[in-house]
Amino acid sequence: MRTTVVAVVMVIFCVMMADADVKPQRDFNLQRFAGKWYRVGLAYDSASFVPFRDKLKASMGIVTALPNGDVNLTMWDATPLGCQVMVYNYEKTNVPGQFTYFSTRHNMVKDITVMDTNYTEYAVVLKHKVFNREYTQVALYGRTQTVRNEVINKFKAFALSQGFSRGSILTPPPAGKVEEYTHIYTYTIYTHTHTHTHTQIAQWGVN
């Protein structure tokens, strides 16, 4: 019985220590962070995601800073059925660089932490800081679709330090230039409490 209690205490202590080690970018500046980003790296160890690893492409996002300190993230992903557009609403916390949002996929509130960024070139973002294979992700964002090897190595080292396996750390190829076209796309808005999904026809160019 004593052994079991000690084991439980150790697990709780390790989780607390892991959480304490997660600190956002020092003096995080949301206005400088806003704008266009490309997701050029992803660490995700969920078993359900394994079949899709080799299909992953770099995706584009626009970060919009809201007057109340919240953030809207609009992401564009190319799929065989067209361009999927997702809008996430991240709510600010008392810690600059840390946000929360409601995951409809897992029916829970998750945290988002901007771990490291120089604002003009790259950003490393951690989702769900208490490691869980189904929930936790580390993403590398670049202002362009290519970043320096030094930045990629930094991203990989951080992901490994968080418990990700090497096979789960991906640097997908660029999505390529998408010329202006008319397409049917799925537009999904994720807020803190609910989701809206719309299908529309639109014409745009993404590069």
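Modeller: We can go from the overall chain to a few side chains and their partners.

Biologist: What kind of model is this, and what does the chain average in pLDDT?

Modeller: This is a predicted model, and its chain averages a pLDDT of 80, with 72% of the residues scoring at least 70. Over residues 2-20, however, the pLDDT is below 50, and beyond near neighbours in sequence this stretch has three contacts in the model. The pLDDT also stays under 50 over residues 178-207, although the model has 77 contacts beyond four places in sequence for them. Where pLDDT is low, the predicted coordinates should not be read in detail.

Biologist: OK, and how many helices and strands does the chain have?

Modeller: The chain has three helices and 11 strands, and from the N terminus on the elements run α-α-β-β-β-β-β-β-β-β-α-β-β-β. Of its 207 residues, 44% count as buried, and the accessible surface comes to about 11700 Å², of which 57% belongs to carbon and sulfur atoms.

Biologist: Switching to rings, how many aromatic pairs are there?

Modeller: The structure holds nine aromatic pairs. One of them is formed by Tyr88 and Tyr90, which are stacked at 6.2 Å centre to centre with 25° between the planes, and both Tyr88 and Tyr90 are buried. Another pair joins Phe131 and Phe164 edge-to-face, at 5.1 Å centre to centre and with 90° between the planes.

Biologist: Where in the chain do Phe131 and Phe164 sit?

Modeller: They come from distant parts of the chain, 33 residues apart: Phe131 is in the loop between strand S7 (122-127) and strand S8 (137-142), while Phe164 is in the loop between helix H3 (149-161) and strand S9 (169-170).

Biologist: Are those two buried or exposed?

Modeller: Phe131 is partly exposed, because its relative accessible area is 34%, whereas Phe164 counts as buried because its relative accessibility is 4%. Elsewhere, ring pairs link Phe28, Phe33, Trp37, Phe99 and Tyr119 into a cluster.

Biologist: Which residues is Thr136 in contact with?

Modeller: Leaving aside neighbours within four places in sequence, the contacts of Thr136 include Ala43, Tyr44, Phe131 and Phe164. Thr136 lies in the loop between S7 and S8, and it counts as buried because its relative accessible area is 1%.

Biologist: And what does the side chain of Thr136 reach?

Modeller: The side chain of Thr136 reaches the backbone oxygen of Val130 at 3.4 Å, and a polar atom of that side chain lies 2.8 Å from the backbone nitrogen of Asn132.

Biologist: New topic: how many salt bridges does a search of the whole structure find?

Modeller: The search finds seven salt bridges. Among them, Glu121 forms one with Arg148, where the closest N and O atoms are 2.6 Å apart. Glu121 lies in the loop between strand S6 (108-117) and S7, and Arg148 in the loop between S8 and H3, so this pair ties together parts that are 27 residues apart in sequence.

Biologist: What else does Arg148 form a salt bridge with?

Modeller: Arg148 also forms a salt bridge with Glu150, with the closest N and O atoms 2.8 Å apart. Arg148 is partly exposed, with a relative accessible area of 40%, while Glu150 counts as exposed because its relative accessible area is 54%. Salt bridges that share partners also join Asp45, Arg53 and Arg133 into one network.

Note on methods: Residues numbered from 1 in each chain as written. Heavy atoms only, no water. Phe/Tyr/Trp six-rings, centres within 6.5 Å; stacked < 30°, edge-to-face > 60°. Buried < 20%, exposed > 50% of the residue type's maximum accessible area, 1.4 Å probe, protein only. Helix = DSSP H or I, 4+ residues; strand = E, 2+ residues; numbered from the N terminus. pLDDT = per-residue confidence, 0-100. Contact = heavy atoms within 4.5 Å. Areas by Shrake-Rupley, 256 points an atom, 1.4 Å probe, with all protein chains shown as cover. Polar contact = N/O pair within 3.5 Å; in protein donor to acceptor, adjacent residues only side chain to side chain. Salt bridge = Lys/Arg side-chain N within 4 Å of Asp/Glu carboxyl O.
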